[in-house]
Protein chains: 2
Amino acid sequence: MLHVPTAHSTSTLHEVARAAGVSPSTVSRILNGTAKVSDDKRKAVEAAIAKLNYKPNLLAQGLKKGRGMTIGILTQDLASPFFANALRGVEAALAGTGYAPLVVSGHWQADEEAERVELLIARRMDGIIILSGCLSDAQIDEFAQRLPIVVTGRPVVAAHACNIALDQEAGARLAVEYLLARGHRRIAFIAGPPDHDDAQARLKGYRAVLEAAGIAYEPAMVAQGNFLESGGLDGVETLLARQQQFSALLCANDQTAYGARLALYRRGIAVPDEVSIIGFDDLHYSSYTTPPLTTVRQPVYEVGRQAAESVLQMLAGLPAEPRQLLLELVERESVKPR
Amino acid sequence: MLHVPTAHSTSTLHEVARAAGVSPSTVSRILNGTAKVSDDKRKAVEAAIAKLNYKPNLLAQGLKKGRGMTIGILTQDLASPFFANALRGVEAALAGTGYAPLVVSGHWQADEEAERVELLIARRMDGIIILSGCLSDAQIDEFAQRLPIVVTGRPVVAAHACNIALDQEAGARLAVEYLLARGHRRIAFIAGPPDHDDAQARLKGYRAVLEAAGIAYEPAMVAQGNFLESGGLDGVETLLARQQQFSALLCANDQTAYGARLALYRRGIAVPDEVSIIGFDDLHYSSYTTPPLTTVRQPVYEVGRQAAESVLQMLAGLPAEPRQLLLELVERESVKPR
DNA sequence: TTGAAAGCGTTACCAG
DNA sequence: CTGGTAACGCTTTCAA
């Protein structure tokens with residue numbers, strides 16, 4: 001069956017008014033509860049609305065009222081489970097407030113991100129939430145002068161933007177300390193992309209704890225990853241090729257850990273009996289790897305929720321305070337004391 | 001540092017016109033390339049635009065032009081990797097067309113879905129893509145009378161809606177045939193939610209192939225799952241508690257397979273040596289499970305892409321033909337011949 | 001080539 | 001309580 005192009009109809013408030021024999025103003029009043037309207041007129045209008053299947057045009061409403069009750073969200077990857085959780089948090093916080101979330105994605109590219117934000121502004125979002133990304137502080141500050149903006153996952157120094165930050169370095173420290181406490185001394189690390197702030201912070205945390213414990217930092221013990229499974233896979237191979245001995249392996253994120261775990265599996269190296277693994281993020285799937293992955297949990301859902309609350313607050317004219325959320329280690333079964 | 005509520009400015013086309021000493025019409029013409037404008041005026045306008053940092057108000061534009069260059073997408077779960085892929089497909093197809101995707105989610109609840117679609121309509125989407133969901137055919141047909149609609153992942157019988165379907169039953173057949181061909185005779189199944197069409201279709205396919213091969217269908221060999229990991233976990237326990245012998249296990253989806261695989265791991269049952277597993281969906285992670293999961297791939301990205309292309313086509317006034325995409329088996333390492 | 005004016009669908013401010 | 005009217009920011013005739 002072919003789809004037949006259909007004539008798609010749309011009724012307006014005017015038509016409703018005419019059908020009900022009242023003025024447009026009256027219809028608007030009934031719709032918004034702005035003023036008292038006599039019962040018979042209300043009935044007539046309601047009947048007309050039902051008959052014409054009338055729905056207010058939110059575009060016109062937004063134009064008139066100056067705000068469209070929409071919060072724009074810039075994510076980096078619609079398919080990333082990490083951002084997806086933040087989105088859910090935003091969605092949850094927005095539910096019931098009358099504000100609808102509008103999601104666009106920037107794919108970790110400053111120019112695309114800027115373009116998307118411009119798009120959101122052009123659509124007259126009431127506020128914007130930026131989930132991480134590569135925009136410079138200056139760019140963000142410039143946007144923030146135009147409308148309320150909340151940035152998450154990075155420490156932004158923009159006078160007008162609010163932000164919800166996560167202490168990545170502290171997270172990495174947690175992981176290494178956990179390993180140290182369990183007797184591991186040779187701890188390898190598969191890092192994230194060198195140009196990614198979070199990746200750098202995690203590497204820094206790893207190194208700091210090691211040195212504080214009197215263990216020399218060995219560059220040969222860190223392999224370059226890319227935050228993807230492929231990086232974990234290659235990372236393990238690199239480490240092995242370098243003949244490094246390690247009883248534990250810290251991965252820059254969970255996806256890296258999945259790849260690393262697979263590489264170890266292929267090599268016949270038992271986890272956690274021969275090497276322990278710790279990931280970073282706590283993606284949903286990490287509870288179901290074999291063995292379930294011990295990892296550093298990022299409260300992403302919470303970040304999304306609080307970001308949304310902050311915009312809402314700014315929208316209400318209240319000052320919103322930047323916050324920093326804590327990461328925590330979730331203990332599962334991929335680490336064994338040695 | 002506290003966020004100081006900021007006065008957020010917005011300049012209009014009128015102001016640009018005034019600053020440049022021309023009429024609003026002229027500015028509009030320059031912006032849209034609608035007509036020839038003398039060079040000096042153009043320069044003046046461009047300067048004014050830059051100085052005022054003017055951005056056109058898409059709300060007003062949409063109101064005037066009757067279309068907002070936006071495609072609404074109803075997904076079921078922003079955090080589901082399955083839908084995320086479809087979203088990426090839509091995004092890809094829309095890139096560069098001038099249409100922007102607006103995503104909302106319905107959480108598998110008919111009433112919420114309907115509400116969200118109404119929201120999209122109220123915002124005057126040019127077209128809507130519905131990714132699966134629980135809306136009745138009648139509801140969809142009603143929406144489709146109001147604007148171009150494409151539904152994916154289900155066979156919709158609505159006169160005005162176009163749809164991109166997937167043959168779930170055939171997918172399940174593929175999997176069972178594959179197992180049969182490798183010598184498996186005792187094939188257990190962890191089913192999806194009984195009220196879910198796809199789940200039913202897969203169960204039907206499983207049963208059909210078994211019977212065609214002369215193997216009696218045994219209800220005791222199918223456990224009730226829920227499309228989530230927890231269902232896979234419980235499913236294996238149920239099967240084991242029933243003292244069922246099976247050399248292969250088909251799971252209604254990959255998430256179920258992850259749970260099942262973990263249950264087997266806990267029980268010390270080797271995969272694929274003692275039992276083979278096949279999943280359904282081919283989520284990203286399935287390449288990284290240990291062992292990597294053999295599964296039935298659903299071309300979700302492609303579904304998203306084609307859905308977007310279909311709306312675009314309908315928007316252009318062309319008829320869009322419903323399509324049915326094929327599932328395919330992707331062979332990895334979780335099945336072993338016996 | 002340019003400007004004036006009408007109008008997209010709403011809301012809000014007036015009178016009455 | 002109700003209707004007329006202006007305005008939101010933009011595009012698009014229609015004249016000039």
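Start in chain B, at B:Gly66: just after helix H4 of chain B, this residue takes a positive phi of about 85°. Keep in mind that the model is predicted.

Step back to helix H4 of chain B and select residues 58-65. Which residues of this helix are buried? Colour B:Leu58, B:Leu59, B:Gln61, B:Gly62 and B:Leu63. Now show chain A as well. The cover over those buried residues includes two helices of chain A: H4 (58-65) and H6 (110-122).

Move on to chain A as a whole. Colour by domain: domain 1 is 13-56, domain 2 is 66-166 + 300-326, and domain 3 is 169-298. At the contact, five residues of domain 2 of chain A meet five of domain 3 of chain A. The domain 2 side of that contact has four nonpolar residues, no polar ones and one charged.

Next, select helix H10 (229-241) and helix H11 (254-267) of chain A. Two packed helices are described by the angle between their axes and the distance between the axes. Here the angle is about 45° and the axes are 6 Å apart. H10 and H11 of chain A are therefore oblique to each other. The crossing is right-handed.

Show side chains at the contact. From H10 of chain A, pick residues including A:Gly231, A:Gly232, A:Leu233 and A:Val236. Facing them in H11 of chain A are residues including A:Tyr258, A:Gly259, A:Leu262 and A:Ala263. How do the residues of this contact divide by type? Eight are nonpolar, seven polar and two charged.

Key
Residues numbered from 1 in each chain as written. Chains lettered and ligands numbered in written order. Predicted model: local features only at pLDDT ≥ 70, side-chain atom pairs only at ≥ 80, totals over all residues. Domains from an automatic or database assignment. Contact = placed C-beta atoms within 7 Å. Nonpolar A, V, L, I, M, F, W, Y, C, P; charged D, E, K, R; others polar. Buried ≥ 20, exposed ≤ 12 C-beta atoms within 10 Å, placed from the backbone. Helix = DSSP H or I, 4+ residues; strand = E, 2+ residues; numbered from the N terminus. Axes fitted to C-alpha atoms, helices over the stretch in contact; angles between N-to-C directions. Parallel < 35°, antiparallel > 145°, perpendicular 65-115°, else oblique. Left-handed = near helix turned anticlockwise from the far one by under 90°.
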